[in-house]
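Q: I am new to this structure. Please show me how to read its features one at a time.

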Amino acid sequence: MEKIRWGIIGTGKIAKAFSKGLSFSPDAELIAIGSRSIDSANRFGNKFGVLHRYGNYASMVENPDIDVVYIATPHAIHAENILLSLEAGKAVLCEKPFTLNMTQAKTAIDMARRKKLFLMEAMWTRYIPLMVRLRELLADGIIGELKMLEIGMGFIAPRDNSSLYFFNPHMGGGILLDGGCYAVSLASMIFRSPPTRIASMAYLGESGVDEQSAMIFGYEGDSMAVLYLSFNTSIPPAFRIMGTKGRITIHPPLFNPTRMTITKADQEDEIIEIPFEGNGYNYEIAEVMRCLRESKLESDIMPLDESLEIMQTLDNIRAQWNLKYPIE
Ligand SMILES: NC(=O)c1ccc[n+]([C@@H]2O[C@H](COP(=O)([O-])OP(=O)(O)OC[C@H]3O[C@@H](n4cnc5c(N)ncnc54)[C@H](OP(=O)(O)O)[C@@H]3O)[C@@H](O)[C@H]2O)c1
């Protein structure tokens, strides 16, 4: 089987973790790295053994040998980078949050569909084996009808500029788009629909972005999700799904879990452990390559219409807080 050849845009933290993920994928080959600086591209290329290095993104996507581009830049420029890659005829996997807002997501999706090119949001959590099992169990009705979901996460985010985007409104800062997009995506995956009602509250800090927030989502009937996020305190990751016949607790780490407990009245708790191989990113990589080999233009597990709905939900929440980014 011929290897699928990858190019990466951006040389930051997640680009490095993803490159490691590629090294756990025997049918993938990282052949190109694009950076805003050739020095950074060379450093990255030396570290990960990448043959083609570019000092700008536009030249990289023109490399005819690249099958798929992975976008690892801050969210404020995802859309721009997706369009650049699609324009060059490349399939694209783009980091989360998919874009800054729904309008950008729609533009990107429309272009992918028009050009008949593969596009996917890199929501890696969905492909972790335990999460695959979780979806199967929920579909089998193991805890009955789903009534309540709780997701909480928080950490003390550094304010020393070590992150370019946490508190920076020009970079789509705030905990909602950073960690909160996982919570909104998990709620969407579990209830298999966007919320019909949203109540929320946020603290916007000095730079104007959301530093702490809580949200309640309402779905058809009485089902609800409670999500809470913070940049200002450490919150032990919480992920619990409550149904009419029991509950499932998914144990941390939240984004790449390996253990869950099923609790039912009058029964011993059932603990399910499913370890994963590699560093976790290899599963979303495998999904992209499966889709490309099967000539699919999107993944059934993270479909584009759902990425769009998630961006819409994030927009709706921000609208409740009057949080607009300067570039919007
Ligand atoms: N899936 C996950 O587990 C996960 C984890 C962390 C982050 N993320 C997501 O991945 C994206 C990147 O996060 P990161 O933590 O890797 O960020 P990072 O370490 O700051 O790296 C971002 C890279 O983007 C490039 N870039 C392009 N324009 C930029 C600009 N104006 N300012 C700063 N950098 C710019 C830079 O690469 P060059 O200088 O080489 O061009 C930079 O190294 C974010 O959207 C984030 O939400 C995902």
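A: Start with axes, which are lines fitted to C-alpha atoms, for helices over the stretch in contact, with angles running from 0 to 180 degrees between N-to-C directions. Helices (H or I, at least four residues) and strands (E, at least two) are DSSP runs, numbered from the N terminus. This is a predicted model, in which local features need pLDDT of at least 70, side-chain atom pairs count only at pLDDT 80 or more, and totals for chains, interfaces and linings use all residues. Residues are numbered from 1 along each chain as its sequence is written, and side-chain values use heavy atoms, with hydrogens and water left out.

Q: At roughly what angle do the axes of H4 and helix H5 cross?
A: The axes cross at roughly 10 degrees and come within 10 Å, H5 being residues 102-115. Angles under 35 degrees count as roughly parallel, over 145 as roughly antiparallel, 65 to 115 as roughly perpendicular and the rest as oblique. H4 and H5 are therefore roughly parallel to each other.

Q: Which residues make that contact?
A: Contact means heavy atoms within 4.5 Å. H4 contributes Ala-79, Ile-82, Leu-83, Leu-86 and Glu-87, while H5 contributes Gln-104, Thr-107, Ala-108, Met-111, Ala-112 and Lys-115. For classes, Ala, Val, Leu, Ile, Met, Phe, Trp, Tyr, Cys and Pro count as nonpolar, Asp, Glu, Lys and Arg as charged, and the others, Gly among them, as polar. The contact of H4 with H5 has seven nonpolar, two polar and two charged residues.

Q: How is the contact of H6 with H7 divided by class?
A: The axes of helix H6 (residues 129-139) and helix H7 (residues 175-191) come within 10 Å and cross at roughly 35 degrees. On the H6 side are Met-131, Leu-134, Arg-135 and Leu-138, which meet Leu-186, Met-189 and Ile-190 in H7. That contact has six nonpolar, no polar and one charged residues.

Q: Is Ala-76 buried or exposed?
A: Buried means under 20% relative accessible area, exposed over 50%, and partly exposed in between (1.4 Å probe, protein chains only). Ala-76 counts as buried because its relative accessibility is 9%. Ala-76 sits in the loop between strand E4 (68-71) and helix H4 (78-87). Not counting residues up to four places away in sequence, Ala-76 touches Leu-100, Gln-104, His-170, Met-171, Gly-172 and Ile-327. The C-alpha atoms of Ala-76 and Glu-328 are 252 residues apart along the chain and separated by 9.9 Å.

Q: Where does Gly-55 lie?
A: Gly-55 is in the loop between strand E3 (52-54) and helix H3 (57-61). With a relative accessible area of 27%, Gly-55 is partly exposed.

Q: What should I look for in the backbone?
A: Most residues other than glycine have a negative phi, and most peptide bonds are trans. Here the peptide bond from Lys-96 to Pro-97 is cis, with omega near -15 degrees. Another cis peptide bond joins Pro-252 and Pro-253, where omega is about 0 degrees. Asp-266 has a positive phi, near 60 degrees, and counts as exposed at 83% relative accessibility. Asn-322 has a positive phi of about 55 degrees and is found in the segment after helix H9 (304-320).

Q: How many residues of domain 1 are in contact with domain 2?
A: Domain bounds come from an automatic or database domain assignment, which gives domain 1 (4-121) and domain 2 (129-275). Seven residues of domain 1 are in contact with nine residues of domain 2. Taken over C-alpha atoms, the domain centres are 27 Å apart.
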